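Good morning, and thank you for coming.

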Amino acid sequence: MKSLITVRELDDAQLRKIISLSFEIKKNPNAYAQTLKGKSVLQFFVENSTRTKMSFETAVRKLGGTNIAFAGGSSSLSKGETLFDTLDTIKQYGVDAVIMRHSSGGAIDWVSKSTSIPAINAGDGQHEHPTQALLDAFTLFEHWGLSPDDSEPFKNKKILIVGDVLHSRVARSNIHSLTKLGAEVVLVAPKTLLPSDLSLFPKVKVLNRWDTAEGEKELSTADAVMMLRLQLERQKGAFFPSVSEYRHFWGLTRERAGILKNEAVVLHPGPVNRGVEIDSEVVDSKKSLILKQVENGVWVRMAALVEVLS
Ligand code: CP
């Protein structure tokens with residue numbers, strides 16, 4: 001694999017290979033401590049990030065490589081230098097791979113096709129966030145004790161993806177990965193926060209409300225609920241009446257979490273808007289795998305780097 005840009009383009013074997021390698025690395029990280037020795041990885045983040053940036057930096061260090069940091073806000077991009085010229089310039093310092101977060105969907109694809117540098121997408125606009133989906137899948141494999149070698153490992157698992165699907169690259173990548181793994185995926189979102197064309201995701205069921213008999217049935221039979229951050233910074237209009245009404249109709253409140261099966265789990269890619277898309281008590285409850293997702297981000301990103309660079 002030269003680059004990792006989307007989950008949509010990963011075939012089943014590639015997806016399972018990264019998950020398997022993540023398990024192997026988590027079990028024995030020391031075996032990979034020299035894998036990137038002598039290699040430099042450019043961390044090109046021009047949109048804010050805590051988890052993805054820090055876990056990729058940690059992953060490179062654990063693999064014995066060197067991080068080259070790029071501070072977008074204080075760079076010459078602000079003087080009008082193009083993305084291509086900026087990357088061409090940094091390349092001269094010796095770059096073996098680039099990890100890129102960018103606010104424009106497709107920026108990373110363009111970088112990957114127009115430079116010879118292996119690239120990993122750390123989130124591009126509203127398009128995809130492949131390593132987030134891979135770490136989410138890994139966390140579920142681990143929690144459910146399933147193996148990536150099984151055929152359709154998530155068959156018989158129902159996963160609800162809830163909230164601001166329209167602006168969510170996490171949702172797009174997860175829909176592709178979870179359906180490839182055999183899960184039944186149900187999107188729960190107001191019509192205004194769904195893509196107008198859902199034909200890219202033919203295998204998903206869509207619900208617009210939770211407070212219906214059908215909504216309650218889906219909630220009470222779900223194996224996992226993946227809450228999405230309400231991305232107010234990307235919303236250029238009024239998509240719902242108010243934040244409190246959003247919580248009322250689409251939030252995973254304490255009461256709704258009480259309807260879930262005992263063994264059901266709750267995920268969120270972070271950062272969390274506590275009290276908006278999810279109540280604080282649910283974030284901190286036993287059902288929550290949110291901090292496990294953060295931890296697993298390092299193993300999965302190490303696996304992605306090994307795949308792309310070795
Ligand atoms: N989940 C996620 O991408 O978080 P960050 O924006 O903090 O990287």
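An oxygen atom of the ligand is 2.6 Å from an N or O atom in the side chain of Thr52; a polar contact here is a pair of N or O atoms within 3.5 Å. This is a predicted model, in which local features need pLDDT of at least 70 and side-chain atom pairs count only at pLDDT 80 or more, while totals for chains, interfaces and linings use all residues. Residues are numbered from 1 along each chain as its sequence is written, and side-chain values use heavy atoms, with hydrogens and water left out.

A polar backbone atom of Pro269 lies 2.9 Å from a nitrogen atom of the ligand, and a backbone N or O atom of Gly270 is 3.1 Å from a ligand nitrogen atom. Of the 250 Å² of accessible area that the ligand has on its own, the protein covers 92% (Shrake-Rupley method, 1.4 Å probe).

Which residues surround the ligand? They are Ser49, Thr50, Arg51, Thr52, Arg101, His129, Gln132, Pro269 and Gly270, each with a heavy atom within 4 Å of the ligand.

Why does the ligand lie between domain 1 and domain 2? Both domain 1 (12-128 + 294-309) and domain 2 (130-293) give residues to the shell, so the ligand lies between them; these bounds come from an automatic or database domain assignment. The C-alpha centres of the two domains are 26 Å apart.

Technical notes. Polar contact = N/O pair within 3.5 Å; in protein donor to acceptor, adjacent residues only side chain to side chain.
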